There are 2 protein chains.
Amino acid sequence: VSLADALAEVLDAGRVADGESALDQHAADLSYHPPHRPDAVVFPETTEEVARVLAFADRERIPVVPFGAATSLEGHVIPVAGGISLDLGRLNRILSVEPADLTAVVEPGVTRLALNERLGRDGLQFPVDPGADATLGGMAATNASGTTTVRYGGMRAHVLALEVVLAGGGVIRTGSRARKSSAGYDLTSLFVGSEGTLGVITELALRVHGIPEHAVAIRIAFPDLDAACRAAVAIVGAGVSATRLELLDAETLRAVNAYKGTSYEEAPSLFVELSGSDQGVAGDLEAARELAEDATAFQAERDPTARSRLWEARHHVLFALVAASPGKEHLSTDVCVPVSHLPDAVRHARAEIDRQGLTGTVVAHAGDGNYHVLFMLDPADPSELERARALNAAIVEWALEHGGTCTGEHGIGLGKIDYLQREHGDLLPLMRGVKALLDPNGIMNPGKVLPSQPE
Amino acid sequence: VSLADALAEVLDAGRVADGESALDQHAADLSYHPPHRPDAVVFPETTEEVARVLAFADRERIPVVPFGAATSLEGHVIPVAGGISLDLGRLNRILSVEPADLTAVVEPGVTRLALNERLGRDGLQFPVDPGADATLGGMAATNASGTTTVRYGGMRAHVLALEVVLAGGGVIRTGSRARKSSAGYDLTSLFVGSEGTLGVITELALRVHGIPEHAVAIRIAFPDLDAACRAAVAIVGAGVSATRLELLDAETLRAVNAYKGTSYEEAPSLFVELSGSDQGVAGDLEAARELAEDATAFQAERDPTARSRLWEARHHVLFALVAASPGKEHLSTDVCVPVSHLPDAVRHARAEIDRQGLTGTVVAHAGDGNYHVLFMLDPADPSELERARALNAAIVEWALEHGGTCTGEHGIGLGKIDYLQREHGDLLPLMRGVKALLDPNGIMNPGKVLPSQPE
């Protein structure tokens, strides 16, 4: 019998697919990593169905790859060893919203925009914003963060409790609905960022926040990248309550203008959002204006439509680059360094880009010291891919030498396994031990995070 | 040879003690748990010396109990199985402060007040405030939090990176100096809150914060506990940027007045701190005044001395209770519930206190839903201890039924092992697995956190 037939015995046949299009849709993510098809796709609708799939797969030693919105950037959802793609898209219920507790409980297939639409009715928001409309299960699995992390923190700061199905089909519940706990080892934080290699998240209790009373979006252009970086570091240091603090280089603004028909200065720029009380925002706006002393342009927008237009420009950077390079695939570096090193880090990256003869743009979550060099490349051109990888390696090496990390928010997946070894070689035996404890037969998302051979 | 003699071979003899007074000083913490002496005390001065002690102890199967300032509240530092008390008090250097990165690197024996004294020179603060002048290593080990957690989070939100000596003497480094990372499994969060049972923290990289420009301290008295709780929940829900939001019941204020010579209304009260920009604080103060509609007194203090006086009253609650009950020992409950349940939780607790015929006072970190019932009891009176334990059990049961946790900030230690089993019974096999992975011979702080017999 085929795997799909066997799975149809485990679940209802309507929950299983192995047609060409289903397999293709579950073969790739947003990255340059080559697609690889699963052997079958399942669409469970309850925790109990997830547990049945995992018990079966564990017994039969079949790989299982949890699948959300496929917006991962390091091949996380690509079933490189075949097996089952576990599509959590039908587990998409918002189970509760408790405004008085500032919490929400969701299934893993709920996307962040769907959750925010529901929360908005109560004046609430879930601020973690990786750009794409990812699922909350996927965001937890990679410890995603993004533009608002400078103010609110990333996923780990927002996950209060998890329901997780373990490899053998057992179901556990970590954490509680309380805002804090010191009850034993922190297994919640262990599953957050485990990239589907330790179990399948089937429910999440999340912290949510009130929507600030007032907000202002600011675009500040600078004569050079250094000045922009310095201003970002100064804004963080001054304690201005920025909810977003993004850096875009001149090349990025060129691509944005071409894609959106805007006419922003094609110069290194900060996109900043301040929010809070009316008076607080007014005070912070003045402070930001003083700190950006070298600015060549300073555009502040209070009107919601104008604010949205500015942030849309930032959020569409990746689409703008894709549009400018038809037929190419996306590779992004993701190092994060102590904030004070950001100007040097970006200067170093820019020099390396030129040295490799590549065309890359730089965007940074400047308030966190996390920056991306984005390339569009032709995966069929080995020289281009090789130079991009050499560049990535040089950037990671610089970050590690300056107290940083190889990945601020994208995770390890397929693409950063060597860097994990470089960054945390001393921890790999422990990480392997944790993996063996939770997934003794190695069926959970094999080939991701940990090197396949003992180091 | 005695253990001390054997240890003098491992370390310098000047780093080892087994005199009566050294053993007594390392036999107890601040709680009601009966003291138990170690067989020897060591005072390592470097990571390498800690590693030598652990390698020796692991080889010889001798228990090792890390010891900071002995301010733990559940017997964490009591060497119930004898062995070595590892006093980290000489590892007390502040290794670096980086104002531009908002980070500091410290050894585990640095206390929070010592760190804050150093940070103050740069206009910075480390806000996590458990009341006592605990060591930062100890605070990380219990995932401590306290009065400022409503705004800044607890220890886990502040530890960026750790150096840890493992049971066998190996040294590892988790995390990085960057503000965020998605590089593999989160071992930093696993060691934070592990209560010395997985390894010994020998260095911490911490997030620090700027000292807010302006602050105001407020005392608000209410006609009853319910009204005070409701106001606290309303203040949290309104998004007022409180840095502290503490609830004290009438009995607590009575003890404070007697101890400090103050004349505060002996009524349920909120002690609130607002901070931020001048204008922001002014706006929040107005909002707080409106939200506390049932208040019978509203005292706002902007002057630093008057502010300190108010917070000193709050911080000296425990001393006030101790002074009122000479010869008695301290027991504190520590549940944390979703914030909206706090009024019901406190009402339930008050009824249970009366039912058991005990005298207890209630203080709450109301913004987090974390409250303590504090008793002074005579450990030699079995009936009193038994009633206090029955009360604690009833309070924990109520909290768990309402989505809470048995411990918001004190940890499990000796006193809450049964509650951990009740709260996270499904997780105990995993926690045991983690313990076996990191400490296969069970030498690290045995008898704490996990039940000694498999459940």
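Helix α4 of chain A, residues 112–120, has a buried set made up of A:R112, A:L115, A:N116 and A:L119. These residues lie on the same side of α4(A), because they cover an arc of only 100° around the axis. The cover over them includes strands β5 (94–98), β6 (103–106), β7 (124–125) and β10 (200–207), along with helix α5 (136–141), of chain A. Please keep in mind as you look around that this is a predicted model.

**How the two chains relate**

Let us step back to the pair of chains. The same surface serves both copies, as 100% of the contact residues of chain B recur in chain A.

**Salt bridges**

Side chains of opposite charge can pair when their charged atoms come close. Over all chains, the structure holds 68 salt bridges. Three of them are set out here.

| Salt bridge | N to O distance |
|---|---|
| A:D129 and A:R244 | 2.9 Å |
| B:E265 and B:R219 | 2.7 Å |
| B:R244 and B:E273 | 3.2 Å |

Take the pair A:D129 and A:R244, joined by a salt bridge. A:D129 sits in the loop between β7 and α5 of chain A and A:R244 in strand β13 (residues 242–248), so the bridge ties together parts that are 115 residues apart in sequence. A:D129 is buried, with a relative accessible area of 3%, and A:R244 also counts as buried, at 13% relative accessibility.

In chain B, the side chains of B:E265 and B:R219 meet in a salt bridge. B:E265 belongs to the loop between α9 (250–260) and β14 (269–276), and B:R219 to strand β12 (residues 214–221), so this pair ties together parts that are 46 residues apart in sequence. Here B:E265 is partly exposed, with a relative accessible area of 33%, whereas B:R219 is buried, at 7%.

The side chains of B:R244 and B:E273 form another salt bridge. This one links distant parts of chain B, with B:R244 in strand β13 (residues 242–248) and B:E273 in strand β14, 29 residues apart. Both B:R244 and B:E273 are buried.

Finally, chain A has a network of salt bridges to look up: A:D226, A:R230, A:D294, A:D344 and A:R347 are linked in it.

Definitions and conventions. Residues numbered from 1 in each chain as written. Chains lettered and ligands numbered in written order. Predicted model: local features only at pLDDT ≥ 70, side-chain atom pairs only at ≥ 80, totals over all residues. Heavy atoms only, no water. Buried < 20%, exposed > 50% of the residue type's maximum accessible area, 1.4 Å probe, protein only. Helix = DSSP H or I, 4+ residues; strand = E, 2+ residues; numbered from the N terminus. Arc of directions from axis to C-beta. Contact = heavy atoms within 4.5 Å. Salt bridge = Lys/Arg side-chain N within 4 Å of Asp/Glu carboxyl O.
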